[in-house]
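These are my notebook entries on a structure that I looked up. I set down first a question about one side chain, and then what I read about the contact between chains.

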Amino acid sequence: MLVLRVLPFVLAATLRNRLLHQVRRLRQPRYAFATAVGLAWLWWTVGRGLVTGPRKVPTLSEEFMPAVAVGLAAGGTVMLLLAWIFRVRRQLAMSEAEVQFLFPAPLTRVDVLHWRVLQLLAVGLVGTVFTTLIFGRAASGNPLLFALGWWLAFGVVDMHLLGIALTWAAVGEGWAGLRRRAGTFLLLATAVAFTAWAATRVVPPRPASIEAIPAAAARAVLESPLRYALWPGITLTSLVLARTPAQFLEHLPGALLVLAAHYLWVIRSSVAFEEAVVHAAERRARAREARLRRRGGVPERKGPRKAPFRLSHEGPVEIAFLWKSLIANGVGKLLGRTGVLVALAWAGAMAVLASPLGKVPSTVLGATVATLWVIVVLMGPNVFRTDLRLDRQHLDVLRSLPVAGRRIVRGEILGSLVQVVLAQWLLLGLAGAAFRTPALVGPGVRGWAIAGAAVLGPALSALGLVLHNSVVVVLPGWIPREGERQAGPEASGLRIVVAFGGLLALGLAVLPAAALGGLALGTWAVLAGGPGPPAFALAAWVAAAALLAEAWLATGLLGRMFDRLDPSEG
Amino acid sequence: MHSPALQVTGLSKVYGDLRAVDGLTFSVAPGEVLGLVGPNGAGKTTTLRCIGGILPPNAGQILIAGRNLAREPVEAKRALAFLPDEPRLFEYLTVREHLALVARLYGVAGWQESARALLSELELEGKENALPGELSRGMKQKLVIACGFLHDPRVIVLDEPLTGLDPLAIRKTKQSLRARAAAGAALVLSSHLLPVVEEVCHRVLVVAHGRVVAHGTLDEIRGTLGASGAGADLEELFVRITSAAPEPLPTQTVPGAGA
């Protein structure tokens, strides 16, 4: 088969060139450092055990094996059913290069399908190696058997997903395609109906203790007709979890049968899938190009997006960046998100208060929302990214603007900051409303707490955003371009360095603010004879002012670096 | 009279409710260059993609070097080169490896020599070990052209092949296309650069709304416009013809795949 001669060549050349590309980048110290950190992490997590011999690794208890196998099989079956319902087509997606080189080449449709199947298996092999290194011994105790079982099981899952994609592609052809796939849909409907019926035949287990629940539940399933519906999944997971060659060989014939059935199903799919593949590849290419070509960070989407406000040609340039960011994120989307959040939070709160749980002090509810607020304060800068991180592709355009670097940096950050602050204030309002019921938190305390948090949260987030954006300015090559895949030790090290470096920098930056806030609190206590709620609010404001001052200074410094930045770096 | 290297009969392609190509019929003889022109959305790229074996047509027949593309896809595509408008390359394959891939796909014996000549012809010498990320847009386009020419195809389908090329490269590519035609290859060239089409192509096929609105040599097309067409260049003819093209008919039935 021609494909068997071509695909290994492409995969081997790709792997080699990719490695060479990464090795060449080691000449730059920052990439060398990231790679060293990534390799250290790999060594720490998996390498040590391979060199120093088997360590004592806690493995899955034998008695839990059936329960784990049944649980994974049931979970996998549900996931595949969802893939049918949601018409998952990911496995059919080929790259634009594959479309351009393979489709006009003297290959049959079956050849191209073989290419895709073999490619999925090859990619699965790489994933299998990493999964085995990390989980192999803990899961089965025998890494080699685990690797073989895992590869085979996920090969089946990939092929099933490919089969789903081909089936839906056939349906896209119209009635003719639907007729050709009638047998598949009939089989699917029968399997779903049988599974549903079999599930009703499971006798509810009566375990003697909580610990006995998994084993009892697995026994109940295995003694019911449901075992037939879950048989493919149970066979594959049993293969993955096999500890001895005997156990592995016991399940291997069944697993190979499942694999063979899937292979035949996919390869014999007489589907003109080219159109679906071409459209998927084009969509991906267009999205990528749109990201690469769009100016000012405004993504190209279907239909125009409404501007949040009318932008005047006069006034601070930072407002123009805010305006752009709000459009980029979609004002409607933002308002929609906020609306959904409010509606969900409100409905949840009402449901809880109206239920018997309503007797639970609403401070619990308030504390939950307040916890969410803390999460948004700390994680928001990582989630809201309509700033320099989004505009990584357009640093050259930004550099060409007749605007000082510090103003560009501040303007870019402003877009994300406004969104984070809106989310925070929304949660604070909800928390305040929840704390209203009990007398535990009096109105005075509540008011001062909200007043303090409403300023401190945004200041903390502002500093977080400055740190996240500083990576783009200081280490532009470390931020992956959109659509760019990162892998290997360099990517792992990069993520570790950025995450830990960010935390360290945030911790250091918070120290002076905390000291000033503490000073303000102490001064109030001395003057007023004790720290009351207003004192805490004052401390929060002072700390927030210090944080904002730091953010302001940092953006000034970043602006200067931005003015000297080489956008082509990396 | 040679039998056509490419024969397209009643080609139709429908996307949902849109009839992108509606019963196109034309042929290209060996050594002939056919220009495919039309306004945006006329169905040019879809037509070329159907000929290139990328998209399956809903109806019609495509014969490449006498082979039916639907029934004998491998044999038909062996004689074909499809050069797309956007050069999409494998991110981590070098220039030489792209050519090696094509050589293997098409079974080109002694491809290294042909590849060297092509890289020289297209001024890509010294870039053999470069990855696509290290090439300019024009160089990528040249690499796609080199890949297309490597197996010495009898039918070459080109969708906007000159996009992104500098003037010197455009001149070289035009010479290259003429040389292939002179050697007996049939070329279908789609381009919005009408002077290039006028210069390179023997005949022109003007499509609008997926249908042929004019077909023939420039003189023949001028002739259909009567006295008003006399002396008009392709641009002038294009404007007159496509302005007068009727609106598309609504899609009624989708013919079964029969190409």
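Is B:R240 buried, partly exposed or exposed? I worked with a predicted model, in which local features need pLDDT of at least 70, side-chain atom pairs count only at pLDDT 80 or more, and totals for chains, interfaces and linings use all residues. Residues are numbered from 1 along each chain as its sequence is written, chains are lettered from A and ligands numbered from 1 in the order in which they are written, and side-chain values use heavy atoms, without hydrogens and water.

Entry 1. I found B:R240 partly exposed, at 30% relative accessibility (buried means under 20% relative accessible area, exposed over 50%, partly exposed in between, with a 1.4 Å probe and protein chains only). Its side chain meets that of B:E236 in a salt bridge of 3.1 Å, N to O (a side-chain nitrogen of Lys or Arg within 4 Å of a carboxyl oxygen of Asp or Glu). B:E236 is also partly exposed, at 35%.

Entry 2. I looked up a second pair, B:R222 and B:D219, whose salt bridge is 2.7 Å, N to O. B:R222 is buried at 18%, whereas B:D219 is exposed at 58%.

Entry 3. I turned to the interface, where the contact (heavy atoms within 4.5 Å) takes 33 residues from chain B and 37 residues from chain A. One salt bridge is found across this interface. I noted that A:R16 and B:E97 meet in a salt bridge at 2.2 Å, N to O.
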